[in-house]
Amino acid sequence: AGLLKNGHVCARVSPAHPLRIVHALQESGRDLPLPGDGITAAPALKAADLGGPTGESGTPVARDVSDVGLDVDNLHTMAMAVRQGRTIYNNFRKLIEFLVSSYVTEFVVLLLGIAAGLGQPMNSMQLLWINLVTDIFPGLALSMEPAEKDIMVRPPRESDDVIIGGNDLKKMTIESGVIGVGTMAAYIYGLKRYGPGAEASTLAFNTLTLNELAHAYSSRSEHRHVFNGSKDLPPNPHLNKAILGMAGLQAVVSIMPGFRRLLGTAPMGVMDLFVILGGVLLPLAVNEASKSAMPEMTGPGEDGNEETEAVDEQFDEETTT
């Protein structure tokens, strides 16, 4: 265990040493993946946190005791698997953050309106429209986010980390509160100008809908800012199509009389549109400004790791094939 603290390579080991090396690393608190192919590697593969035989050269014994297996004799495949696994995990977190924040925002808006004696800002059909139509497609698009540029140079997460922790819940609550305040500001403006009724509810409904579409962009990264565009984040055409489609659909239901009767909304004026725009852009700016900075990753290459770019290119090429 003492030697392994300073060493990087173990050479000319005996058949008994791999198992001792695995145990020594695990006792130091590390989570250990281990590739191997021979009979003598079987005990170490079994003891490792994640054992995997290497491709076609792996013996049947090594395959039987392993957790995963490689189809080819190419350890580069492991880097591609790690990249894809990290991307899937991150996208799952993004999807949860977006959906939970959206639902909490709706609760905050209703609670603030009723608690302040301002009535119910939105009716049940409007809430149902947001939940079943507006949120679904951007959420699906977030689950298809491409890998962020520095995903392979980030330190691995701890094995006992939860998907959504206390800090995440606090962050989502703050984001929801900011969006809720922006929506309530538009609703209060509607009450002041039109009084209680469909006009004020229309302002709250459209402000919250567009806020959640904007929040889908904000949910693309916990540390990168959407205002920097593709400089920090790779493009996601699926999300762009979902946002544009839902925004266009929202414009349609706001114009067509049949949809207005169904959702209980009213026509809007030019000033109303400016109020809605302000109620969307201000919360987006506040939530983007509150993002914590990602620690700088060091490594060769402009984006932190030249090998990472090679892995990305090969992964995309082989996936397409």
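Here is a short chat about the pockets in this predicted model.

Reader: Hi! What kind of model is this, and how are residues numbered?
Author: It is a predicted model, where local features need pLDDT of at least 70, side-chain atom pairs count only at pLDDT 80 or more, and totals for chains, interfaces and linings use all residues. Residues are numbered from 1 along each chain as its sequence is written, and side-chain values use heavy atoms, leaving out hydrogens and water.

Reader: What volume does the largest pocket have?
Author: About 1700 Å³. A pocket is an open set of points on a 1 Å grid over the protein atoms alone, where a 1.4 Å probe fits, with protein on both sides within 12 Å along at least five of seven lines. Volume is the space filled by probe spheres set on the points, which are joined across faces, edges and corners.

Reader: Which residues are closest to its centre?
Author: Val-82, Arg-86, Pro-155, Pro-156 and Arg-157, out of 40 lining residues (those with an atom within 4 Å of a point).

Reader: Which helix gives the largest share of that lining?
Author: H5, with ten residues. Helices are DSSP runs of H or I, at least four residues, numbered from the N terminus.

Reader: Switching topic, how about the second largest pocket?
Author: Its volume is about 360 Å³. Leu-210, Ala-247, Ile-276, Leu-277 and Val-280 lie nearest its centre, among 19 lining residues.

Reader: And which helix gives the most there?
Author: H10 (237–255), with seven residues.

Reader: How many charged residues are in that lining?
Author: None: there are 16 nonpolar and three polar residues. Ala, Val, Leu, Ile, Met, Phe, Trp, Tyr, Cys and Pro count as nonpolar, Asp, Glu, Lys and Arg as charged, and the others, Gly among them, as polar.

Note on methods: Helices (H or I, at least four residues) and strands (E, at least two) are DSSP runs, numbered from the N terminus.
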